[in-house]
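Please keep the viewer open as you read.

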Amino acid sequence: MTQAETMPGELPDDAQPILSVRDLQAHFRTDRFGVKRDVKAVDGVSFAVRRGEIYGLAGESSSGKTTLVRTIAGAVKPPLDVVGGRVDFAFLPGYGGLRRAPAAEVARIRWRHLSYIMQGSMNVLNPVRRLRSAFVDFAYPHIGESRKQFEQDVVAHLARLKLDPSVLAAYPHELSGGMRQRATIALATICRPDVILADEPTTALDVVVQKEVLAMISGIRREIGSSVVLVSHDLGVHAQVTDRLGIMYAGRLIEEAATVEIFRNPLHPYTRHLISSLPRIGDDVPRKGLEGAPPNLADPPPGCRFHPRCPLAMEICRHKVPATLETAPGHRIACFAVNRSEAA
Amino acid sequence: MSGYFAYVVRRLAQFVLVVFIGINIAYVITHATPIDPVEQSISVVTSFGNTAPDAIEKMRTSLRELYGLGGSPVEQYLAFWKRILRADFGPSMSAFPTPVSTLIGRALPWTAGLLAVSTIVAWGLGSLLGGLAGYYQESRGLKLIGVIAIGVHPIPYYILALVLLIVFGFLWPVLPITGGAAMNLPQAPTFDFIVSVMQHAVLPALSLILIGVGSWFLGMRALVSHVVTEDYVVYAELAGVRPWRVLSSYVMRNALPPQLTGLAMSLGGIFNGAVITEKVFGYPGVGSLLVDAVYAGDYGLVLGVTTVSILGVSTGVLVIDLLYPLLDPRVKVT
C-alpha cells in the first residue's frame, strides 16, 4: 500500500482533469444581533473529475453535498461564502473559481462548458413562459447559428431524451414531474457542456422515471462526452451510473474510490455503515442504524468529525484531523483507524 | 379557447348580477333617507312668496311624476329601473331642473381624465422603481428612493396637497390654484383651452402621483424581493441568461399580476371621483358633485353618481378577471 498524500489531478491514469477542487472551504456566515455563526458546510474538500466520467457524491442530509456543487457552480450568495481553496476548470484556467473570474468569462463558459441541474429542478422553469423561451434564453446566445437551425437542434435533442417537440409549446405546469425533469436535463445538456453538475436529479421521481432519467444521463455522457458530477443521497443511484464515488460526512470528503470498489471494499467506518445498511436480496438480518446524529456544523467536534459515532474511535481521532491518503491506487480515505501508520 | 369563451360568458353574467345588486342597495339606501325631495323643492319655491294651495298641489303631483315617486312602491321601483336603463336619473334637485345625467356627464370627463392619467403614471412609476429596487437590492440610488417613498407615503393627502398649493400657488405662483381650466376660455378643443386644462391639472395630478407612487413602489418591491428568491430566477441567473432578460421576463413578469389587479381596481374607482383632491383644488369633478349632492339632500344625484361608480368598479374588476388567464397561464378557466 502506498501511503503518500496525493493531490487530485496527479492520478496516474489521468493527464488533465476537467474539474479539480482543492481544499475548498465554504461556510454559511451569519451575524444576527452580534451573534456570529459560522456553519462550515464544506470544509477542505479536494477531488478531481476526469473527462467523460460520472463522479458521484454521496452522503446523508446536511453533509455538504449541495453546498459543494453550488460553490463549484458559482452560485455563491450570502450568507454562503467561499473561505478558501480553489476550483479549477480545464476550460477556465488560472482563476481558481467562477467567483474570481471576470464576469464576461463566466458568462461565456456558463451553459456552453458548465451546466447545472439544480436540486428541486421541477421548480426551475419560469411558470409564466413556454418551454421554448427557456431554451432560447438559456442556450441560444451560446450557439452561433440561425434561429431555425437552433430550433431543429432543440427538437433533435429533445428526441434524444424521448421528449415530444410539442413540449416546447407547453408551460411548465402542463408537464408531469418526470417530463419537467427530463426537460430540465435537456436544457442543461443542449449546449453539450464539458461538465454537468447534477444535484439530486432523480429525487422525488418514482423508480421507473428515475431509471429512465439515470439512463438518460449515462446516454448523454456517452454521446456528447461530458463529465458529470452527480449528487445523490441514494447509493442505489450511484451503483447504477457513477464511475467513481466520493463519500461526504459533515462537510468533508472521507472516502473516494471507484464505485465498484466502494461497494466491494468500503474502508472508512462510516462508509462501511452506509454500505451495510443497504438491503440485499435474500438477506433478512435486521439492519442496524448508526447511533447518534450528524454533528452541528456551526460547532463541529474537533479532530475527525465522525469520532463521536465511530466504533473504532481512538484517542488521536478526538483532536487531530485525519489526512486524506491513498491506500490503494485510486482509493483515498481519511481515517486513522485505516491509515494506521499515520496514527502511529 | 371554448373554455375561455364559457368563462367570459359566466363572468359577464356575474358582472350583471353584481351591478344589479349594487344599484338596488343604492336605491334602497337613498329612498330610506328622511328627506322628501318633493317637499324640499316645494319649500324652495314657496319660500319666495305666497302660492295658491291648488297650484302647490299641482306642483306636488308633477314633481312626484318627475322624481318617479308616483304610484305604489312596486310601481316606483319598476319605473326606476325603466329610467335607469335609459340612463335617466330624473332632474337634479339642487340644480333644478337640470337632469342628473347632464350634471354627471359634465363632471365625469374632468375626474376621469385627471384620475386616469395620475393613477396610470403613479402605477407605472411605482411599479418600475419598486421592481428595480427589489431586484437591485444593493443599489444606493434605489435605496434612497425607497426611503423617500416610505417617508412621503404616510403624509396625510390633504397636507401634501395644501403644501403644493402654497408652494406653487403663493410662494412661487407659477400654476393656477383652482378650477379645471381658465374661466374665460370657451370649452372647445382649441390650443389655448387644452394648455389651460393641462396647467390646471398639474398640481392635482402631482399631489395624487406623489402619494400614489409610494404604495405601488412598496407593493412591487415586496413582490419582487419575494420572486427573486424563486428557483427559476436563481436558475436563470446561474445559466447566464442576460440580466435585463431575467429582470423583465423572469422577475417582473411574475411579480406583475397582483399589481395589475390593484391597477384595475384603482382605475375602476376613478369614477368615484377624488373628493379631497377636487375640494382642495376646486376641480369640477364627480367627487365635488357627490359631496354637494349629499349636503343638499339631492338624492337623485347621489343615486346617479353611485350608479356610475358601481359600473366603474365592476367593469374594472371584470376586465382584470378576463385578462388574468392570459397573464398567468396557471390560472385555469374552468
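Over which residues of chain A does pLDDT stay under 50? The stretch is residues 1-14 of chain A, and the model has 23 contacts beyond four places in sequence for it. Keep in mind that this is a predicted model, and that those contacts belong to a segment where pLDDT stays under 50. Chain A as a whole has a mean pLDDT of 85, with 95% of its residues at 70 or more. Chain B averages 86, and 99% of its residues score at least 70. Within chain B, confidence is lowest in helix α2 (residues 37-46), where the mean is 76, and highest in α5(B), at 91. For the model as a whole, the scores are ipTM 0.81 and pTM 0.78.

Let's turn to chain B and its overall build. Chain B has 13 helices and zero strands, so a reading along its sequence gives α-α-α-α-α-α-α-α-α-α-α-α-α. Its C-alpha atoms fill a box of roughly 90 × 60 × 35 Å along the principal axes. Of its 334 residues, 34% count as buried. Among the contacts in chain B with a separation of 6 or more, 72% join residues 24 or more positions apart.

How do these helices pack? Two packed helices are described by the angle between their axes and the distance between the axes. Start with α5 (residues 100-135) and α10 (residues 243-268) of chain B, whose axes come within 10 Å and cross at roughly 150°. Because an angle over 145 degrees counts as roughly antiparallel, α5(B) is roughly antiparallel to α10(B). Their crossing is right-handed. On the α5(B) side, the contact is made by B:A116, B:T119, B:W123, B:S127, B:G131 and B:Y135. Facing them from α10(B) are B:L247, B:V251, B:M252, B:A255, B:Q259, B:L263, B:S266 and B:L267. By class, this contact of α5(B) with α10(B) has nine nonpolar, five polar and no charged residues.

A second pair to look at in chain B is α6 (residues 140-152) and α8 (residues 191-227). Their axes come within 8 Å and cross at roughly 125°, which makes α6(B) oblique to α8(B). The crossing of α6(B) and α8(B) is left-handed. From α6(B), the contact draws on B:G146, B:A149, B:I150 and B:V152, while α8(B) brings B:L210, B:V213, B:G214, B:F217, B:L218 and B:R221. The contact of α6(B) with α8(B) divides into seven nonpolar, two polar and one charged residue.

The phi of B:A87 is near 55°, a positive value in a residue other than glycine. With 14 other C-beta atoms within 10 Å, B:A87 is partly exposed.

Chain A has a residue with a positive phi too: A:A250, a residue other than glycine, has a phi near 50°. A:A250 lies in the loop between β8 (244-249) and β9 (252-258) of chain A. Is A:A250 buried or exposed? It counts as buried, because it has 23 C-beta neighbours inside 10 Å and the cut-off for burial is 20 or more.

Another loop residue of chain A is A:L98, found between β4 (80-89) and α2 (103-109). A:L98 is buried, with 23 other C-beta atoms within 10 Å. Leaving aside neighbours within four places in sequence, A:L98 is in contact with A:G74 and A:V106. The C-alpha atoms of A:L98 and A:A75 are separated by 9.0 Å, although the two residues are 23 apart along the chain.

Finally, let's see where the two chains meet. In all, 19 residues of chain A are in contact with 16 residues of chain B. The chain A side of this contact divides into twelve nonpolar, four polar and three charged residues.

Technical notes. Residues are numbered from 1 along each chain as its sequence is written. Chains are lettered from A and ligands numbered from 1 in the order in which they are written. This is a predicted model: local features need pLDDT of at least 70, side-chain atom pairs count only at pLDDT 80 or more; totals for chains, interfaces and linings use all residues. Axes are lines fitted to C-alpha atoms, for helices over the stretch in contact, and angles run from 0 to 180 degrees between N-to-C directions. Helices (H or I, at least four residues) and strands (E, at least two) are DSSP runs, numbered from the N terminus. Angles under 35 degrees count as roughly parallel, over 145 as roughly antiparallel, 65 to 115 as roughly perpendicular and the rest as oblique. A crossing is left-handed if the near helix is turned anticlockwise from the far one by less than a right angle, and right-handed if clockwise. Two residues are in contact if their C-beta atoms, placed from the backbone, lie within 7 Å. Ala, Val, Leu, Ile, Met, Phe, Trp, Tyr, Cys and Pro count as nonpolar, Asp, Glu, Lys and Arg as charged, and the others, Gly among them, as polar. pLDDT is the predictor's confidence in each residue, from 0 to 100. A residue is buried if 20 or more other C-beta atoms lie within 10 Å of its own, exposed if 12 or fewer, and partly exposed in between; C-beta atoms are placed from the backbone.
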